[in-house]
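Subject: Structure for your files

Hello,

Here is the structure I said I would pass on. My notes on it follow below.

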Amino acid sequence: MLYDNHGRQLRYLRLAVTDRCNLRCFYCMPEEGLNFSSRSQILSYEEMTRLVTILADLGISKVRITGGEPFVRKDIVPFMDQLTQINGIEAVSITTNGTDLVRHLPALKQMGIKSVNLSLDCLDKERFHKITRRDEFEEVMTSYHALIESGIDTKINAVVMEEHNLEDILLMCALTQNDPVSVRFIEEMPFNGGSKGYVPIKWNMTRILEHIQEAYPNLVKLDDGVSSTSMNYQIPGAKGSIGIIPAYTRTICRSCDRIRLTPKGDLKTCLYQGEGFSFRDFMRDGATDEDIKNQFIKLFNNRAKDGFEAEAKAQKSGSLQSMATIGG
Ligand code: SAM
Ligand code: SF4
């Protein structure tokens, strides 16, 4: 089993399979995109399968595929199927912008994918265009309805942005009344790849919650589960639920069980960490499975206590990161 130096067991891998994306969400990357990695710079499917197999041996049982946009990488669906067959991996899930999901849904269902996180920040075509700089709102809404219809556990991820989508908060809460969906509002984090400066957020978890409670004074607090990143609530009688993720105020680090691997194979023991150890180079230099296992153990033995400590160290390396290279 893999534990860090603060006694937290690692159980959950977030695997970013590409830094490329067909949208340009302004909180994630600049309009002109990023200096995207070449094919040889990112991990091959064989390399990722090897790392996941080693991590499964260390007790990691859940893998979430993320990016960039996972569906822009060729053959991502057969790769996910392969991951579901690794001994010890109990759940494979995916986070997607939903622009190209519908045609893959039958295959995802067939391989037993139980949960999909759909990123959708608003319920209006024009606002969607302003946020993502692309005209794909209808495709994403079609994916949303298909997901609900499919019976796959569906979560919506909505980044709260003072200047763009405050009017959507209550509209999205209302979605939970009739649909079995978990709508999760995420505090905006400073990983926009230079798209804009970062002004510390005013709409933090407390403010978002107060806003929702003004409209729904009888909002019920739900049990959050041991390593949930969201504080969860429900409108009485609703089919779905509402979550708030304090991703910037970071009150969730105490129970963090996540490992992050970037598309280039860098390990992040924390979302707020700067440069990470390159498992790509380590593997390509001939590391054995045992070496790799020991390296994971060693790196987690020196993990920052929380996102503030990790960020303080990262600032020294001065990295300007995009969430598309971290995976969220
Ligand atoms: N492209 C996919 C998508 O958008 O769902 C997967 C990758 S995306 C980087 C993963 C998650 O990170 C999305 O839910 C997105 O909204 C969130 N995200 C991106 N940039 C963020 C930021 N600056 N602050 C908070 N969340 C962010
Ligand atoms: Fe693409 Fe996801 Fe980043 Fe938006 S948040 S630009 S969809 S990677």
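Before the rest, the conventions. This is a predicted model, in which local features need pLDDT of at least 70 and side-chain atom pairs count only at pLDDT 80 or more, while totals for chains, interfaces and linings use all residues. Residues are numbered from 1 along each chain as its sequence is written, chains are lettered from A and ligands numbered from 1 in the order in which they are written, and side-chain values use heavy atoms, with hydrogens and water left out.

Arg64

Arg64 belongs to strand β2, residues 62-66. Helices (H or I, at least four residues) and strands (E, at least two) are DSSP runs, numbered from the N terminus. The side chain of Arg64 makes polar contacts with the side chains of Tyr12, at 3.0 Å, and Thr95, at 3.1 Å. A polar contact is a pair of N or O atoms within 3.5 Å; within protein, one must be able to donate a hydrogen and the other to accept it, and residues adjacent in sequence count only if both atoms are side-chain atoms.

Arg20

Arg20 sits in the loop between β1 (12-16) and α1 (45-57). Arg20 counts as partly exposed because its relative accessibility is 40%. Its side chain reaches the backbone oxygen of Ser37 at 2.8 Å. Leaving aside neighbours within four places in sequence, Arg20 is in contact (heavy atoms within 4.5 Å) with Phe36, Ser37, Ser38, Gly68, Glu69 and Val72.

Ligand 1

Of the 20 residues around ligand 1 (a heavy atom within 4 Å), Tyr27, Gly68, Ser119, Asn157 and Met189 come nearest. A polar backbone atom of Tyr27 is 2.8 Å from a nitrogen atom of the ligand. Glu69 has a polar side-chain atom 3.2 Å from a nitrogen atom of ligand 1, and Asn157 has one 3.2 Å from an oxygen atom of ligand 1. On its own the ligand has 550 Å² of accessible area, of which the protein covers 95%; areas come from the Shrake-Rupley method with a 1.4 Å probe. Elements giving two or more residues to the shell are β3 (91-96), β5 (153-160) and β6 (181-187).

Salt bridges

The count comes to 20 salt bridges. In one of them, the closest N and O atoms of Asp4 and Arg303 are 2.8 Å apart. Asp4 is in the segment before β1 and Arg303 in the loop between α9 (289-300) and α10 (307-317), 299 residues apart. Asp4 is buried, at 6% relative accessible area, and Arg303 is buried at 3%.

Glu167 and Arg127 form another, at 3.6 Å from N to O. Glu167 lies in helix α6 (residues 166-178) and Arg127 in helix α4 (residues 125-132), so this pair ties together parts 40 residues apart in sequence.

Regards

Technical notes: Buried < 20%, exposed > 50% of the residue type's maximum accessible area, 1.4 Å probe, protein only. Salt bridge = Lys/Arg side-chain N within 4 Å of Asp/Glu carboxyl O.
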